[in-house]
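Dear colleague,

I am passing the structure below to you, and after it you will find a short account of what turned up when it was examined. Please read the two side by side.

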Amino acid sequence: MAEIAKIHRGAIAKAAAYVPASGDLKALIAAKREGYLWRSDLTPDRLSAVRRQLAMAEAALMPPPFEGIKTWLAKLATLVSNAPVPSGEICAVFAEVCADIPDGAWTPETRIAWTRQPPRNGYPVGSRWPAPGELYTHLLPFAEAIRAEVAGLREILAMAEKPREPERKRPDRAELARAGALADAVIRELRAVE
């Protein structure tokens, strides 16, 4: 039983370990998106960092476990004023509505971001329990950021792994002579037409 608990806690902790790309990786993704990234920019150290970040981001794209959603909602319930007891039935509704929100978006940061929303039309949105659709709308930008990061990192790796074109060889004397003879023939033909 203890082994099952360890495995389950580990499954929830995977997304918690995800940290969005920053610094050099964030700059590489932006440069690729803007068309300013060259293959020569991709050093072995950078490619290693891209692979590590991609593995982390792809794990964050996995669907969240039901228990992860339930735990997230239970912790949100302690931060808002009108929260119900997050039962399995309530959590199932949220899980259904937010089915395409990846595991990496269900973090303490997104929970705190809910509570820190400014009031809308005088209504303190962040201090109240969300409707499933409101929570989906709140988590969607976080999910899209993870998806965009994964797409950018995959493009960088594809660029790095694309086979290089073979280097052009300098023409030898025979090729130069053939090209010269062909050019002379074209020039003679053009003069004959005039």
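Glu-144 has a relative accessible area of 40% and therefore counts as partly exposed, and its side chain meets that of Arg-147 in a salt bridge, at 2.9 Å from N to O. Both residues lie in helix α7, 3 residues apart, which is about one turn of the helix, and Arg-147 is likewise partly exposed, with a relative accessible area of 25%. Please keep in mind that this is a predicted model.

The structure holds 4 salt bridges, and two others among them join helix α3 to helix α7. In one, Arg-51 pairs with Glu-161, with the closest N and O atoms 3.4 Å apart, and this links distant parts of the chain, the two residues being 110 residues apart. Arg-51 counts as partly exposed at 40% relative accessibility, whereas Glu-161, at 52%, counts as exposed. In the other, Arg-154 forms a salt bridge with Glu-58, the closest N and O atoms being 2.8 Å apart, and here Arg-154 in α7 and Glu-58 in α3 are separated by 96 residues. Arg-154 is partly exposed at 45% relative accessibility, and Glu-58 is partly exposed at 29%.

Helix α3 (residues 44–60) also packs with helix α2 (residues 23–34), their axes coming within 10 Å and crossing at roughly 90°, so the two helices are roughly perpendicular to each other. In this contact Asp-24, Leu-25 and Leu-28 of α2 meet Arg-46, Ala-49, Val-50 and Gln-53 of α3, a set that comprises 4 nonpolar, 1 polar and 2 charged residues.

Conventions
Residues are numbered from 1 along each chain as its sequence is written. This is a predicted model: local features need pLDDT of at least 70, side-chain atom pairs count only at pLDDT 80 or more; totals for chains, interfaces and linings use all residues. Side-chain values use heavy atoms; hydrogens and water are left out. Axes are lines fitted to C-alpha atoms, for helices over the stretch in contact, and angles run from 0 to 180 degrees between N-to-C directions. Helices (H or I, at least four residues) and strands (E, at least two) are DSSP runs, numbered from the N terminus. Angles under 35 degrees count as roughly parallel, over 145 as roughly antiparallel, 65 to 115 as roughly perpendicular and the rest as oblique. Contact means heavy atoms within 4.5 Å. Ala, Val, Leu, Ile, Met, Phe, Trp, Tyr, Cys and Pro count as nonpolar, Asp, Glu, Lys and Arg as charged, and the others, Gly among them, as polar. Buried means under 20% relative accessible area, exposed over 50%, partly exposed in between (1.4 Å probe, protein chains only).
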